[in-house]
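Trainee: Before I rely on any label in a model, I would like to know which value and which cut-off stand behind it. Could we go through some of them together?

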Amino acid sequence: MSTLSVIPQPEGLALQFHHAAIEHGRLHIQRCSSCGRFRHPPRVQCPECFSPEWTFEPTAEHGTVYSYVVSHRSFDPFWVEHLPFVTVAVALDEGPRVIAAMRGVESGDMELGMPVRLTVEPQSDDFTMLWADKA
Amino acid sequence: MSDRTIKGRTAIVGIGETTYYKRAQAPDPEFKMCLEAVIAAADDAGIPVDEIDGFASYSNDRNEPSRIASALGLPELRFSNMVWGGGGGGGSAALGNAVAAVAAGYADNVVVFRALAQGQFGRFGQAPPLPTVAGPMAYTMPYGLMSPAQMFAMRVQRFMHDHGAGHDAQKAVAMASYHHAQQNPRAIMRGRPLDEETYEGSRWIVEPFRLYDCCMENDGAAAVIVTSAERAADLKQRPAYVLGHAQGSAKGQGLPVHNAPDYATSNFKTLAPRLYAMAGVGPEDIDVVQSYENFTGGVVMSLAEHGFCKPEEVDEFLTFDNLTAPNGRLPLNTSGGNLAECYMHGLELIIEAVRQVRGTSPNQVPDVELSMVTSGPMVTPVSNLILGASR
């Protein structure tokens, strides 16, 4: 699998998000310890009940394509070599949506609602890519 | 105790604009163009420049009111306002804020303006190359999702899926805009009409947007003046009375990384009812609409959410014939708009809405009573406006 040419260096909660995924080899997302709602991206406080208590919970790494775009142009040195490329917003089984890179499906065969499996692919100790494959 | 409304309290009485240029092609500094547009608006209204006492803008405009006031030698500054967030979604909100200032008695003659010179300051909407990316972009940039086109395409794609419609409507919006631009001497795309074959054959930017689904990039400046309805009656031009306004968005719509609970929306669902209630009218009463086109798909969603047709019916109702002046059922973007006149972040749409009330548009709709503007779409906050020929 291709590696990003420039690997991002996350900080703060984003760094914790990546560490949770890399340590367990599985996508984790935040869950409010008070009301139990899952959320993404990670934040300090629950937007529904305002509790500051949370954990990172493992996900099933499964969801459906909530939407997707097919990019035909890019300024990014990695993605410009993979044009056209499909980016998906995946609605996880747990509820929140995450952005991932689609692979293995021609853009013309993409359909909203398609079930996908997500794979964590660490690029460094601090950053992981998320790939989506048709499930 | 009066009702909480600004209906009929103020009017737009002057409009001014510089020549519109392609991105980075403006021969003048940005601030100079800003002053030009302000002075032109005052002249159009018949208001002496030194009676201007307030300013309102949006989209992080760089031209601070204190600086403008000093440059113009204004006796006093009484209102200095910027809409917070939303980029072009704040255009009608800036107008609404100016209306509120006049109605509240803070200021008498408030200019609403937008000015930009991208050659001087860099390309609008493009982040400077920084070694770090903060906030929500950290979750999208690694995936090559960085431009407004990509962000909004994701949303429009979902709308098209949910309602089984939108491709033909997008095309009709683009073709109507270019058609109107041909009659407009100010339009950048005058002399470059768009036919169906050219639209369909144009390159994909990011699916579902082709080249002609995207707004242009321009330099220039535009301004309007708001004053009380009483004063408006004594000035040079026919007043465009402000009858209704709304701004904002629904719960959770600011949640980032494509997690807004109501995703496939232009964000007008909570605003349209408030707008119509304040003006005391419904969509069937609107004679002409200027609807902000960052992308055609956003216009389609805006029009459906303002009640002009059901989302499932956009391809049937939003047709070239229905959208073109003078006789279409819903004349749209009658100056060419962001797609074909110029991308002045929607201030030119407000100006065109005023022209339609005055009867001076190059694509004039007969007997305009009610002229609407929507500013957005798909951002937060968004905003909208109804102007009227009568109070």
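**Labels and their cut-offs**

Mentor: Let us begin with the second largest pocket, which is lined by 20 residues, with A:F38, A:R39, A:P47, B:L255 and B:N259 lying nearest its centre. The model is a predicted one, in which local features need pLDDT of at least 70 and side-chain atom pairs count only at pLDDT 80 or more, while totals for chains, interfaces and linings use all residues. Residues are numbered from 1 along each chain as its sequence is written, chains are lettered from A and ligands numbered from 1 in the order in which they are written, and side-chain values use heavy atoms, with hydrogens and water left out.

Trainee: Why is the pair of A:F78 and A:W79 called edge-to-face?

Mentor: There are 13 aromatic pairs over all chains, a pair being rings of Phe, Tyr or Trp (its six-membered ring) with centres within 6.5 Å, stacked if the planes are under 30 degrees apart, edge-to-face if over 60 and tilted otherwise. The centres of A:F78 and A:W79 are 4.9 Å apart and the planes stand at 85 degrees, so this pair is edge-to-face.

Trainee: What makes A:F78 and A:W79 count as buried?

Mentor: Buried means under 20% relative accessible area, exposed over 50% and partly exposed in between (1.4 Å probe, protein chains only). A:F78 has 6%, so it is buried, and A:W79, at 4%, is buried by that rule too.

Trainee: Why is the pair of B:F209 and B:F295 called stacked?

Mentor: The ring centres of B:F209 and B:F295 are 4.7 Å apart with the planes at 5 degrees, so this pair is stacked. The two residues are 86 residues apart, B:F209 being in strand β7 and B:F295 in the loop between β10 and α10 of chain B, and both are buried.

Trainee: How do you know that B:R186 and B:E17 form a salt bridge?

Mentor: The closest N and O atoms of B:R186 and B:E17 are 3.2 Å apart, and the rule asks for a side-chain nitrogen of Lys or Arg within 4 Å of a carboxyl oxygen of Asp or Glu. B:R186 lies in the loop between α6 and α7 and B:E17 in strand β1 of chain B, so the bridge ties together parts 169 residues apart in sequence.

Trainee: Are B:R186 and B:E17 buried or partly exposed?

Mentor: B:R186 has a relative accessible area of 25% and is therefore partly exposed, whereas B:E17, at 19%, counts as buried.

Trainee: What joins B:R62 and B:E30, and where does each of them lie?

Mentor: Their side chains meet in a salt bridge of 2.7 Å, N to O, with B:R62 in the loop between β3 and α2 and B:E30 in helix α1 of chain B, 32 residues apart. B:R62, at 38% relative accessibility, is partly exposed, while B:E30, at 1%, is buried.

Terms used: On a 1 Å grid over the protein atoms alone, a cavity is a set of points where a 1.4 Å probe fits but cannot get out, and a pocket is an open set with protein on both sides within 12 Å along at least five of seven lines; lining residues have an atom within 4 Å of a point. Helices (H or I, at least four residues) and strands (E, at least two) are DSSP runs, numbered from the N terminus.
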